[in-house]
Each structure stands twice: as structure tokens, then as C-alpha cells.
Amino acid sequence: MLEMNASFFAVTGAAVLFAGVSKGGFGSGAAFASSAILALFLPPGLALGIMLPLLMLIDLATLGPYWKTWHWPTARLLVLGAVPGVVLGAAIYRLAPPDLIRLLIGTIALSFVSWQVAQRSGWIKPRAQKLPAGAGVGAGAVAGFTSFVSHAGGPPVAVFLLSQRLEKTQFQGTTVLVFWAINACKFVPYAFLGLFTKQTALVDIALAPFALLGTWLGVLAHRWVSERLFFSLTYVMLTLAGLKLIWEGLT
């Protein structure tokens with residue numbers, strides 16, 4: 001049973017608020033930090049089960065501000081690829097012990113930070129040409145899998161979207177649409193796997209205001225807050241959380 005005291009809601013509330021800011025204004029990649037933080041204090045399955053309905057609420061709240069700003073052909077490729085990725089994630093999750101899920105979440109966290117740092121440092125150069133449609137389906141499949149096991153589908157989606165040379169708001173709108181669809185696809189298998197309980201529902205109801213407030217702040221921050229500052233903070237949190245999760249998974 002969860003001990004839903006003030007310290008619990010201080011941690012989870014901050015994590016959910018951060019997810020809302022990320023998804024509302026800076027794409028979905030940094031929102032993964034929230035799931036990694038929760039997995040430090042809760043069993044991985046419980047953390048995933050709490051976060052998914054809140055992420056879906058954030059998705060709904062962000063659809064309005066970015067309505068029809070997305071690039072539909074690109075979004076369609078990613079969503080088509082994500083469906084088999086979600087199915088694979090469900091199959092592996094059923095067989096994986098909690099420590100393996102911790103290792104997966106921790107490894108994905110450190111991989112995400114490494115990729116972002118390499119790109120921003122110029123070690124990985126953006127492609128001069130757009131990636132083909134097949135790469136979009138492949139990126140969607142990877143995103144579907146990593147999103148299912150850790151709510152971390154942002155990096156593969158971002159790689160493909162960056163290659164398409166979308167402008168800032170179109171990039172954000174496409175990300176919002178893609179993850180609205182992916183998270184909706186995850187809901188039924190999560191339910192069958194028993195990740196939703198009466199207790200997780202009560203926690204989600206209590207945390208819903210944090211999700212909506214974060215989304216509203218994120219939409220505002222999309223125009224005014226420095227991306228460099230926001231993502232620098234995200235990378236630090238993800239690195240620390242990833243290292244701790246890998247340590248716990250191995251020991």
C-alpha cells in the first residue's frame with residue numbers, strides 16, 4: 001500500500017508538474033524524467049501505472065493550444081510504427097522482473113542524455129537530407145516500445161522529426177499528436193497487465209491539478225523560457241535518476 005503523505009505528494013506533485021511543463025512547451029522527451037524520478041521511490045510498475053493517466057490528461061490539455069499545427073504525414077508514419085512497438089513492449093513487460101524494468105528505465109535515461117549532449121555539442125550532425133518514410137515507421141516502433149516500458153518515447157521521435165526540418169511550433173504540435181496516440185494505445189495493455197488499481201486512480205485524481213497547471217505553464221514557457229536552461233536541468237535529473245536506477249537494478 002502507498003503511504004500517501006505530504007512527502008509523497010511533494011515528490012510526485014513536482015514530477016507531474018515537470019511532465020506537464022515539458023509536454024506543454026518543450027516536446028515530450030524531457031517528460032520522461034518524471035517517470036524516472038517516480039521509479040526511484042516506487043516499484044516501476046506502480047510508477048508507470050500512476051503516470052500514464054496523467055500523461056494522457058496532459059496530452060488532451062495540449063491538443064487544444066496546438067490544434068492542427070502538426071505535420072500530419074509525419075505524425076501518421078510515427079503512429080503506424082508505434083503500434084507494433086507497443087505490442088512488443090507489452091509482451092516483454094509481462095516477462096520482465098522489476099529489477100530488469102529498473103535497468104531498462106535507467107539505461108534509457110542515460111542514453112537519452114548522451115544523445116542530447118552529443119547532438120548539442122556537435123558530435124552528432126543533423127542529416128542534410130530528410131530521413132525516408134521507412135525511418136519514420138522505424139522511429140515510431142522504437143518510440144512505442146520505449147514509451148511502453150518507461151514512458152520514454154521522445155528521443156526516437158525527436159530524431160525523425162528533427163530530420164524533417166519542421167519549424168518550432170509544428171515540431172511541438174506533431175509531438176503532441178503522436179504521443180496522444182501512443183499513450184492511448186498503451187492504456188488497454190496497461191489495464192490488462194494490472195498496472196491500474198483503485199489506489200493509483202486516487203493518486204491520479206489528487207495529482208491531476210499538478211498535471212494541468214504544468215501544461216498551462218509549459219504552453220506559456222514555449223515562447224518565453226530558454227530551452228537551454230530547461231533541458232540542462234532535465235539532463236542533470238535524468239543522469240542522477242538513471243544511475244541510481246541502474247544501481248538498484250543490479251544490486
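**Figure 1. Aromatic pairs of the predicted model.** Rings of Phe, Tyr and Trp (its six-membered ring) are paired if their centres lie within 6.5 Å, with planes under 30 degrees apart counted as stacked, over 60 as edge-to-face and the rest as tilted. By this rule there are 6 aromatic pairs. In one of them, the ring centres of Phe-8 and Phe-9 are 5.1 Å apart and the planes stand at 80°, so this pair is edge-to-face. Phe-8 is buried at a relative accessible area of 10%, whereas Phe-9 is partly exposed at 23%; buried means under 20% relative accessible area, exposed over 50%, and partly exposed in between (1.4 Å probe, protein chains only). Trp-67 and Trp-70 also form an edge-to-face pair, with 5.2 Å from centre to centre and 80° between the planes. Of these two residues, Trp-67 is exposed at 52% and Trp-70 is buried at 16%. The model is predicted, with local features requiring pLDDT of at least 70 and side-chain atom pairs counted only at pLDDT 80 or more, while totals for chains, interfaces and linings use all residues. Residues are numbered from 1 along each chain as its sequence is written, and side-chain values use heavy atoms, with hydrogens and water left out.

**Figure 2. The aromatic cluster.** Ring pairs join Tyr-93, Phe-148, Phe-187, Tyr-190 and Phe-196 into a cluster.

**Figure 3. The largest nonpolar core.** A nonpolar core is a set of buried Ala, Val, Leu, Ile, Met, Phe, Trp, Tyr and Cys residues joined through side-chain atoms within 4.5 Å. The largest has 55 residues, and those with the most contacts inside it are Leu-78, Phe-148, Val-157, Val-178 and Ile-182. Helix α3 (residues 44–63) contributes the most, with 9 residues; helices are DSSP runs of H or I with at least four residues, numbered from the N terminus. Beyond its neighbours within four places in sequence, Val-178 is in contact (heavy atoms within 4.5 Å) with Ala-75, Leu-78, Val-79 and Val-157.

**Figure 4. The packing of α3 against α8.** The axes of α3 and helix α8 (residues 168–192) come within 9 Å and cross at roughly 145°; axes are lines fitted to C-alpha atoms over the stretch in contact, and angles run from 0 to 180 degrees between N-to-C directions. The contact includes Leu-52, Leu-55 and Met-56 of α3 and Phe-179, Trp-180 and Phe-187 of α8.

**Figure 5. The surroundings of Thr-200.** Thr-200 lies in helix α9 (residues 198–224) and is buried at 2% relative accessibility. Leaving aside neighbours within four places in sequence, Thr-200 contacts Leu-46, Ile-50 and Leu-195.

How values were computed. Helix = DSSP H or I, 4+ residues; strand = E, 2+ residues; numbered from the N terminus.
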